[in-house]
Amino acid sequence: MDKNRVYQIKKQFDRILHSNQEAHIEFWYARDLMPLLGYERWENFDKAISRAMESCEGSGAIVPDHFREVTKMVTLGSGAKRNVRDYMLTRYACYLIAQNGDPKKEEIAFAQSYFAVQTRKQELIEEHISLIERTEARGRLRESEKRLSQNIYERGVDDAGFGRIRSKGDQALFGGYTTQEMKVRLGVKDSRPLADFLPTLSIAAKNLAAEMTNYNTEEKDLQGEALITREHVQNNRSVREMLGQRGIKPEELPPAEDIKKLERRVKSQTKKLATQSGTLPDPDKEEE
């Protein structure tokens, strides 16, 4: 997500923020948040809130400290007024709701980052968005390679054959460097997957090639290691050529931080978020 888009979405989220100076807490109203997370119907958003409340309880936090049901008076199109149900939500509550959304939607990816960091500084939000994008890309690659492994197994290739096919694909993508040689270039231990240390672009490139191989293996019903290897090599070579047209050589991209460390860091931050978010103020007290 580019910086201008982050800035635009950030302004929308900042605009609906409320604060209680006495309680030293920031909070949001669910009905204000709903459209910013891509929900059109309250019934659907209410279900997402219920799932988030279950997650909150499961984490050991006190649900009413973070989710407070309130009643608000709204004006209908006819001019009449009626009461509607709403929720006051802490930063932690908003984060849990965003976690229920699809991170491929940019507003959800932004919200997960916006509520995860204890600051509204744009550069930290951007950094967290990049982290989410990388972990999501790594997850998609795992699924693609799992499917590829299954496809290959069903067509008479064992685990060792799958390893050879994947390695030759890497060699085509990384300009002749084998998986092992790329590990040496990036300083990756033999026991760790190369993809855990690749930047998001390289992970996405490997995933695209794997998805193309899956598609053609299934559509053409390719059988045996030789045919599937040829297909996978061609697909990785095609992806490399596409990147080369934009002046990008995957083997020359610097390594990224160990994705396992990033996942542990996010998990640790999330655990602290419930406490750092504070406790909702008495709904009868006036907000500032």
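The model is predicted, so local features need pLDDT of at least 70 and side-chain atom pairs count only at pLDDT 80 or more, while totals for chains, interfaces and linings use all residues. Residues are numbered from 1 along each chain as its sequence is written, and side-chain values use heavy atoms, with hydrogens and water left out.

The secondary structure of the protein chain consists of twelve helices and four strands. Helices (H or I, at least four residues) and strands (E, at least two) are DSSP runs, numbered from the N terminus. Taken along the principal axes, the C-alpha atoms occupy a box of roughly 70 × 40 × 40 Å. The chain has 288 residues, of which 44% count as buried; buried means under 20% relative accessible area, exposed over 50%, and partly exposed in between (1.4 Å probe, protein chains only). The accessible surface of the chain is about 15600 Å², and carbon and sulfur atoms hold 46% of that surface. Accessible areas come from the Shrake-Rupley method with a 1.4 Å probe, and for residues only the protein chains shown count as cover. Among contacts (heavy atoms within 4.5 Å) with a separation of 6 or more, 64% join residues 24 or more positions apart.

Rolling a probe the size of a water molecule over the atoms shows where empty space is left. The structure holds two cavities of 30 Å³ or more. A cavity is a set of points, on a 1 Å grid over the protein atoms alone, where a 1.4 Å probe fits but cannot get out, and lining residues have an atom within 4 Å of a point. Grid points are joined across faces, edges and corners, and a volume is the space filled by probe spheres set on the points.

The largest cavity has a volume of about 70 Å³. Its lining is made up of E145, L148, R166, G169, D170, K206, A210, H232 and N236. The lining comprises two nonpolar, three polar and four charged residues. In this division Ala, Val, Leu, Ile, Met, Phe, Trp, Tyr, Cys and Pro count as nonpolar, Asp, Glu, Lys and Arg as charged, and the others, Gly among them, as polar.

The second largest cavity has a volume of about 30 Å³. Y95, A116, H128, V266, Q269, T270 and L273 line this cavity, with helix α12 (residues 259–276) giving the most, four residues. Four residues of this lining are nonpolar, three are polar and none is charged.

R166, one of the residues lining the largest cavity, lies in helix α8. R166 counts as partly exposed because its relative accessible area is 32%. Leaving out residues up to four places away in sequence, R166 touches E145 and H232. The side chains of R166 and E145 make a polar contact of 3.2 Å. A polar contact is a pair of N or O atoms within 3.5 Å; within protein, one must be able to donate a hydrogen and the other to accept it, and residues adjacent in sequence count only if both atoms are side-chain atoms.

S144 is in helix α7 and is buried, with a relative accessible area of 1%. The side chain of S144 forms a polar contact of 2.7 Å with the side chain of E211. T213, in helix α10, is buried at 0% relative accessibility. Beyond its neighbours within four places in sequence, T213 is in contact with L148, I228, E231, H232 and N235.

Key:
1 Å grid on protein atoms, 1.4 Å probe; cavity = no way out; pocket = protein on both sides within 12 Å on 5 of 7 lines; lining within 4 Å.
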